[in-house]
Amino acid sequence: MSVTVVDHPLVQHKLTIMRDKATSTAGFRRLLREIAHLLCYEVTRDLEVIEIEIETPLGPTNAPTLKGKKLVFASILRAGNGLLEGMLDLVPAARVAHIGIYRDHETLEPVEYYFKAPSDLKDRLVIVVDPMLATANSSIAAVTRLKERGADHLRFLCLLAAPEGIEAFTRAHPDVPVFTAAIDSHLNEKGYIVPGLGDAGDRMYGTK
Ligand code: PRP
Ligand code: URA
C-alpha cells in the first residue's frame, strides 16, 4: 500500500481558500482546476519516457517522450470532473472514463448510474480522480468496476482524505497507490470529512 500526501506550499495555500465557506462557486471551481495541475504533476512524476528521433530547426536529435499507451483519467461524477479538467490541461491526449456514482445520504452506500470507459483499459495507466475520499465507498466501487473492465494498473488521486477512507480504500485495493493533498481529522456522523470543505459537488456547481 502507498499513500502520498502532496504538501507543496501552493497546493496547501489553494486548498485553504477552497475550504473557506466564503469562497464563491466560481472561485472553488477555478482553484480545483489549478490544484489539479499541481497534483497531476506529482501523480505522473515517475512515468517512463523513451527517446525518439526528432528534427529541431538546427538538426536531428534524440529527445524523451512518454512511453507506452495513452493514459486514462477516470472521473467519478460529479466532483471528479473538477480535477479531470485540470488533468486534461496537462495531458490533453489522455483517454477519459466517466463513472457516475453518488452515495446514498442515509446508508452512505454507492449508487452507480453511469459508466463509460475506453474499451482497452488493460496495459494503460488509469488515474481515478475524485476530490473527496470519505468512507471510500464510492472510490472502492469505481476501482472495482474499472478492474472488472480490465484495468490492471491504477492510481487514485483526491484532494482530501479521511483516515477512515484511506484505511478502507487501501484494504480493498492495496495495489492502487493513493495521492492526496491532505489527510483530515475524521468523518462526522453523516460521513462528511472534518474539517473538510463540505460537499464538493455542491460547492463546484452551486447546487446546495
Ligand atoms: C462525493 C464525492 C465522492 C464521494 C465521497 O460525491 O465527490 O464521490 O462523495 O464519499 P465516500 O468516500 O464516502 O463515498 P457525492 O456522493 O456527493 O456525489 P455528487 O458528486 O454527485 O454530488
Ligand atoms: N463527499 C463530499 O463531497 N464531502 C465530504 O466531506 C464527504 C463526502
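**Figure 1. Polar contacts of ligand 1 in the predicted model.** In this predicted model, an oxygen atom of ligand 1 lies 2.5 Å from a polar side-chain atom of Thr135. The side chain of Arg78 also takes part, with an N or O atom that is 2.8 Å from an oxygen atom of ligand 1, whereas Ala136 contributes a backbone N or O atom, which lies 2.8 Å from an oxygen atom of the ligand. Taken on its own, ligand 1 has 500 Å² of accessible area, and the protein covers 92% of it.

**Figure 2. The shell of residues around ligand 1.** There are 15 residues around ligand 1, and those that come nearest are Arg103, Asp130, Thr135, Ala136 and Ser138. When the residues of this shell are sorted by class, eight are nonpolar, three are polar and four are charged. At least two residues of the shell come from each of the strands β4 (72-77), β5 (95-103) and β8 (132-133), and likewise from the helix α4 (137-148).

**Figure 3. Ligand 2 and its surroundings.** The residues around ligand 2 include Arg103, Met132, Ala134, Tyr192 and Asp199, and the shell as a whole divides into five nonpolar, two polar and two charged residues. Backbone atoms make the contacts shown here: a polar backbone atom of Ile193 is 2.8 Å from an oxygen atom of ligand 2, and a polar backbone atom of Gly198 is 2.8 Å from a nitrogen atom of the ligand. A backbone N or O atom of Ala200 likewise lies 2.8 Å from an oxygen atom of ligand 2. Of the 240 Å² that ligand 2 exposes when taken alone, the protein buries 89%.

**Figure 4. The largest pocket.** The lining is made up of twelve nonpolar, nine polar and five charged residues, and β4, β5, α4 and α6 (200-205) each supply at least two residues to it.

**Figure 5. The second largest pocket.** The second largest pocket holds about 360 Å³ of space. It is lined by 17 residues, and Leu47, Lys67, Gly68, Lys69 and Leu71 are the closest to its centre. By class, the lining of the second largest pocket consists of seven nonpolar, two polar and eight charged residues.

Terms used
Residues numbered from 1 in each chain as written. Chains lettered and ligands numbered in written order. Predicted model: local features only at pLDDT ≥ 70, side-chain atom pairs only at ≥ 80, totals over all residues. Heavy atoms only, no water. Near = heavy atom within 4 Å. Polar contact = N/O pair within 3.5 Å; in protein donor to acceptor, adjacent residues only side chain to side chain. Areas by Shrake-Rupley, 256 points an atom, 1.4 Å probe, with all protein chains shown as cover. Helix = DSSP H or I, 4+ residues; strand = E, 2+ residues; numbered from the N terminus. Nonpolar A, V, L, I, M, F, W, Y, C, P; charged D, E, K, R; others polar. 1 Å grid on protein atoms, 1.4 Å probe; cavity = no way out; pocket = protein on both sides within 12 Å on 5 of 7 lines; lining within 4 Å. Points joined across faces, edges and corners; volume = space filled by probe spheres on them.
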